[in-house]
Amino acid sequence: MLREGSAPADAAAADTAAVKTRPARPKRAPKPNGQWKVDGTAPLNPTEEMKAADGGLNVRERIERIYSKGGFASIDPEDLHGRFRWWGLYTQRKPGIDGGRTATLTPEELEDEYLMMRIRTDGGQLSTEQLRTIAGVSTEFARDTADITNRQNIQLHWVQVESVPEIWRRLEAVGLRTTEACGDVPRGFLCSPVAGISAEELIDPTPYVREISARYIGDPEFANLPRKYKTAITGHPSQDVVHEINDCAFVAVQHPEHGVGFDVWVGGALSTVPRFAERLGAWVAPDQVTEVWAGVTSIFRDYGYRRLRNKARMKFLLADWGPAKFREVLETEYLGYRLSDGPAPPKPTTPGDHVGVHRQKDGKFFIGVTPKVGRVSGTTLSRLADLLDRFGTARVRTTPKQKLLVLDIEEADIDEVVAELETLGLSAREDLFRRATMSCTGLEYCKLAIVETKQTSFRAIDELEERLAGIDLPHPISLHLNGCPNSCARIQTADIGLKGQLITDENGVQTSGFQVHLGGGLASDTRTEAGLGRTIRGLKVTSEDLVDYVERIVRRFLADRDASADESFSEWAHRADEEALQ
């Protein structure tokens, strides 16, 4: 007797036979990835369509001729939300919109009629004339704003499109520019802040940065890459340019046969899918740097994935190819010769932030100072230029860690200069937290942000320095705050990395807070190689409770660490029980 819903045995057998004889469904052809050399150059998403219709560099003429005269309302939306970036311009966040609405509003609803302007300073090398020009632009056109970024650039806010041509005129008159400071292009180059002045450096990379910048920035050849493209180069043994998280990086090494050259790294980036760069195992002679950089960049242009924006960074191509294939393509298709095999860089032996007073190779001194999380102002920069003029120096550097270096100070003037820098809010002390705290722009100006970061960082630094005064840290503990998941502040590579998000507090109320990452870092004097921070399920902290949490975790580290083995915070964080990290 059959139960309801069952089938007779012969009917079931017939169905089985039919399944066995049914022809196999043909496999679907994989979707093209938009690789120009594989799939052709037809655009596969709206951004690629925009770039194909008109290159980003071409918008400058419209800004000067039309938009600066007609004002914000006259700007074509495709230019505003796309091509403006090729000239270092984004719309900034409209004041008063809380982080809970970031994901629910369109970019047009989030944006204000003011612009962020990023001033490109390849290698962070500035003169007092350039510093004073930036200061003047800030005070006259940007409400006295200025932030030093962790890519050695300077960002201004509250810029109106009507002012942009005059700002360009002033910047370019002193050798500065905003060209390709944003967009799908080679972004500003990171270079060792002590290039050319350090007695410890293996080689001065400045000539190669200048050559690449002069030849290729603003050139249409590399003005349409799949996504942003970041470069770093250092000749200093501290490896002070975070090379592991750049698309293309050159790190000075001593080859046993060929002498000093560079080790090449490719495919690093953080964001929501972090991946460290990998060595190609190739030694590059100094006179090959520009050609190799152009070859790596060309591979990204020609083979990078363009269909999906969230898969378009170099790191995804390298993940699929691997370094061996990448090097083979570089040598056979782009260079036309084989590169020599080379050694890996040794572990750094000194910190790479260059804070404090250090002797230059010419006998003078440079002073590394820390503004709080990179925030300065036009007024501060102007006063700094005046201070340097008084002491007969005209050179200053920005760093990849939101710091400033003042160069060419006479030994007899050190104490006075340090004291006067302190009055400007620029500390040369090796502070407990100020030295190693970094933050992104956050909710104040960024349309992607969910939480506020700069003011939260200021409060955290001040309170932690007070609460933990007198403790003996074995090394600085880095604290990085990011307003969203995109990791502009490198949260995965901090001792304590904080990813901004909305969380529910103990009273069931939604509030601003952070997911916690612990024990990340890049190669430094306290660790041999880069590693990502550890996350603990459910480990989140509200903005209000942030200082309490950091104080608690630091004190626990000091109580529990293996001092006999000189255990670092990162090593401790990765071995500690989850309960110890709460």
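1. Asp408 counts as buried at 12% relative accessibility, where buried means under 20% relative accessible area, exposed over 50% and partly exposed in between, with a 1.4 Å probe and protein chains only. Its side chain meets that of Arg395 in a salt bridge of 2.8 Å, N to O, a term that requires a side-chain nitrogen of Lys or Arg within 4 Å of a carboxyl oxygen of Asp or Glu. Arg395 lies in strand E15 (residues 395–398) and Asp408 in strand E16 (residues 404–409), so the pair ties together parts 13 residues apart in sequence; helices (H or I, at least four residues) and strands (E, at least two) are DSSP runs, numbered from the N terminus. Arg395 is partly exposed, at 32%.

2. This is a predicted model, in which local features need pLDDT of at least 70 and side-chain atom pairs count only at pLDDT 80 or more, while totals for chains, interfaces and linings use all residues. Residues are numbered from 1 along each chain as its sequence is written, and side-chain values use heavy atoms, with hydrogens and water left out.

3. Among the 47 salt bridges found in the whole structure, one joins Asp247 and Arg313 at 2.9 Å, N to O. Asp247 lies in the loop between strands E7 (231–234) and E8 (248–255) and Arg313 in the loop between helices H10 (289–303) and H11 (314–335), so the pair ties together parts 66 residues apart in sequence. Asp247 is buried, with a relative accessible area of 0%, and Arg313 counts as buried at 10%.

4. Arg459, Glu463, Arg467, Asp548, Glu551 and Arg555 are linked in a network of salt bridges.
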